[in-house]
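Biologist: I would like to learn how to read a structure like this one, feature by feature. Could we start with the strands?

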Amino acid sequence: MESAFKVHLAVQGVVSRALQDVLDGTLVVPGCVPGLPTRGDVSQAAAPRATPAARPAEDEEDVDSIHIAQLLAEAQKVIVMAGAGLSTAAGIPDFRTPGSGLYYQLEKYDLPNPQAVFSIDYFRVRPEPFHMLAREMWPGKFAPTAAHAFIKMLADKGKLLRCYTQNIDGLERLAGVPPELLMECHGTFATAHAIDPPNKEFDIGWYREQLQAGSTQIRCPETGSLVKPDIVFFGESLPANFGQMVNEDFPECDLLIIIGTSLTVQPFAGLVRYVKPQVRRVLVNMFPAGETLLDFKKAAVDAASEKTEKKDGDLGEGEDSVDLSLPANRRDFALLGDCQHSIHRLARLAGWDAELAGIAEGLRGKTGAAGAAPDAADALAEALAMGMDKLGL
């Protein structure tokens with residue numbers, strides 16, 4: 001049965017890939033130069049801009065991608081860890097890509113450091129930069145991507161145990177991922193509170209009205225405390241139920257998919273270590289990431305013994321005798337390149353391409369959002385700078 005499934009996926013992958021290449025315009029004759037890949041996440045904040053991963057060779061793709069598609073078909077409790085690279089195709093900039101990320105664009109302006117705009121200590125002193133940036137980034141201006149539709153599809157199939165997202169753009173919610181299956185690790189624009197006790201809650205509609213009216217000092221009318229959406233700033237605690245959810249979910253996970261994150265911000269990045277040793281982990285990202293957290297040369301752990309090391313007196317067993325060229329023998333996998341393309345490829349190989357396309361089309365019709373320009377990070381930074389200039393900041 002397993003071998004027949006692999007053959008089925010292999011044939012399906014070759015045929016659908018060829019058809020998609022024709023549609024994408026990437027099936028070219030020798031000597032042609034394919035188009036540049038779209039922007040994505042990087043592995044280190046201070047690292048020089050790396051060359052995006054080349055499109056994998058057909059045989060390499062068939063080996064790893066087909067195996068991952070089989071893992072998807074068999075998994076029943078999938079956890080998705082999502083980062084900013086999930087949303088760059090929607091026009092929302094990521095934060096850390098050198099040359100194009102939001103933090104890079106903010107370096108030219110009068111901030112102690114680019115991350116200060118999301119620092120609770122800086123917000124207490126100068127809330128104006130964040131409020132102006134929030135006005136430009138407010139959810140509703142962007143539409144979910146195919147990768148968001150993929151997470152929704154996993155939920156529809158009953159396979160999604162939980163989506164842990166670093167993003168504050170709300171696109172997982174907009175895509176229709178049930179709120180009970182979401183852990184918005186860095187908070188949400190859906191609610192707002194005063195930052196000082198008794199931390200009164202405010203209707204997010206009221207906050208947005210103040211924001212759209214041009215207010216940059218949004219305060220509680222009763223206490224005078226500053227008010228902000230419930231996104232987690234540097235210096236603030238993660239959501240109260242974060243730890244409980246992690247302790248409940250990760251031991252139950254049977255497949256971990258990591259999409260569009262540099263795996264640099266803790267404690268989110270460290271979550272990859274919380275699944276059981278035999279659980280496969282798949283990184284879907286533009287660039288390599290998580291080098292200290294994932295080991296793409298390590299053998300998979302046997303589900304029964306939960307260890308791969310050789311024992312005294314054993315012959316032919318243990319990690320040093322495992323053929324790591326076979327995907328079934330490895331624990332960690334990396335699908336490098338544009339996240340949207342990788343997600344489409346997995347959906348095709350799993351036989352879910354039509355279903356994914358239908359969900360994605362429905363989302364476009366529902367939201368009616370057009371997305372931002374490719375230079376969205378620069379545009380956001382410029383808008384922030386203009387607002388600060390007007391206020392004399």
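Modeller: Start with β1 and β2, which run parallel and are joined by five bridges. Two strands count as paired if DSSP finds at least two bridges between them. Helices (H or I, at least four residues) and strands (E, at least two) are DSSP runs, numbered from the N terminus. This is a predicted model, in which local features need pLDDT of at least 70 and side-chain atom pairs count only at pLDDT 80 or more, while totals for chains, interfaces and linings use all residues. Residues are numbered from 1 along each chain as its sequence is written, and side-chain values use heavy atoms, with hydrogens and water left out.

Biologist: Which residue in β2 does Met81 stand opposite?

Modeller: Met81 faces Tyr164 in β2. On the β7 side, Met81 stands opposite Ile258, and the bridge partner of Val80 is Ile257. Strand β7 (residues 255-259) also runs parallel to β1, again with five bridges.

Biologist: What is the order of the strands in the open sheet?

Modeller: The sheet has six strands in the order β3-β2-β1-β7-β8-β9, with parallel pairing. β3 and β9 (332-336) are at the edges with a single partner strand each, so one side of each has no neighbour in the sheet. On average, neighbouring strands are turned by 15° against each other, direction ignored. For such angles, axes are lines fitted to C-alpha atoms, for helices over the stretch in contact, and angles run from 0 to 180 degrees between N-to-C directions.

Biologist: How do I read the side chains of a strand?

Modeller: In a regular strand the side chains alternate between the two faces of the sheet. In β1, Val78, Val80 and Ala82 point one way, Ile79 and Met81 point the other way, and all are buried. Buried means under 20% relative accessible area, exposed over 50%, and partly exposed in between (1.4 Å probe, protein chains only). With five of its five residues buried, β1 is mostly covered.

Biologist: What does Val80 touch?

Modeller: Contact means heavy atoms within 4.5 Å. Not counting residues up to four places away in sequence, Val80 touches Ile151, Leu154, Leu160, Arg162, Cys163, Tyr164, Ile257 and Ile259. Val80 also belongs to the largest nonpolar core, of 41 residues, where Val80, Phe150, Leu160 and Ile257 touch the most other members. Helix α6 (residues 146-156) gives the largest share of this core, seven residues. A nonpolar core is a set of buried Ala, Val, Leu, Ile, Met, Phe, Trp, Tyr and Cys residues joined through side-chain atoms within 4.5 Å.

Biologist: Which residues are buried in helix α9?

Modeller: In α9 (residues 242-249) they are Phe242, Met245, Val246 and Asp249. Seen down the helix axis, the buried residues of α9 fall within an arc of 100°, so they line one face. The arc is that of the directions from the helix axis to the C-beta atoms. The face turned away from the buried side carries the exposed residues Gln244 and Asn247.

Biologist: Where do the buried residues of α9 pack?

Modeller: They pack against β1 (78-82), β2 (160-165) and β3 (182-184). The helix α9 lies across these three strands and runs at about 140° to β2.

Biologist: How do I read two helices that meet?

Modeller: Look at the crossing angle: under 35 degrees counts as roughly parallel, over 145 as roughly antiparallel, 65 to 115 as roughly perpendicular and the rest as oblique. The axes of α5 and helix α8 (residues 204-212) come within 10 Å and cross at roughly 100°. That makes α5 roughly perpendicular to α8. Phe130, His131, Ala134 and Arg135 in α5 meet Tyr207, Leu211 and Gln212 in α8.

Biologist: And α6 with α10?

Modeller: The axes of α6 and helix α10 (residues 339-350) cross at roughly 40° and come within 8 Å. The pair is therefore oblique. Here Ala146, Ala147 and Phe150 in α6 meet Gln340, Ile343 and His344 in α10.

Biologist: How many residues of α5 are buried?

Modeller: Nine of the ten residues of α5 (residues 128-137) are buried, so the helix is largely enclosed by the rest of the structure. Among them are Glu128, His131 and Arg135.

Biologist: Where does Phe123 lie?

Modeller: Phe123 lies in helix α4 (residues 120-125) and counts as buried at 1% relative accessibility. Its contacts include Phe130 and His131, as well as Ile195.
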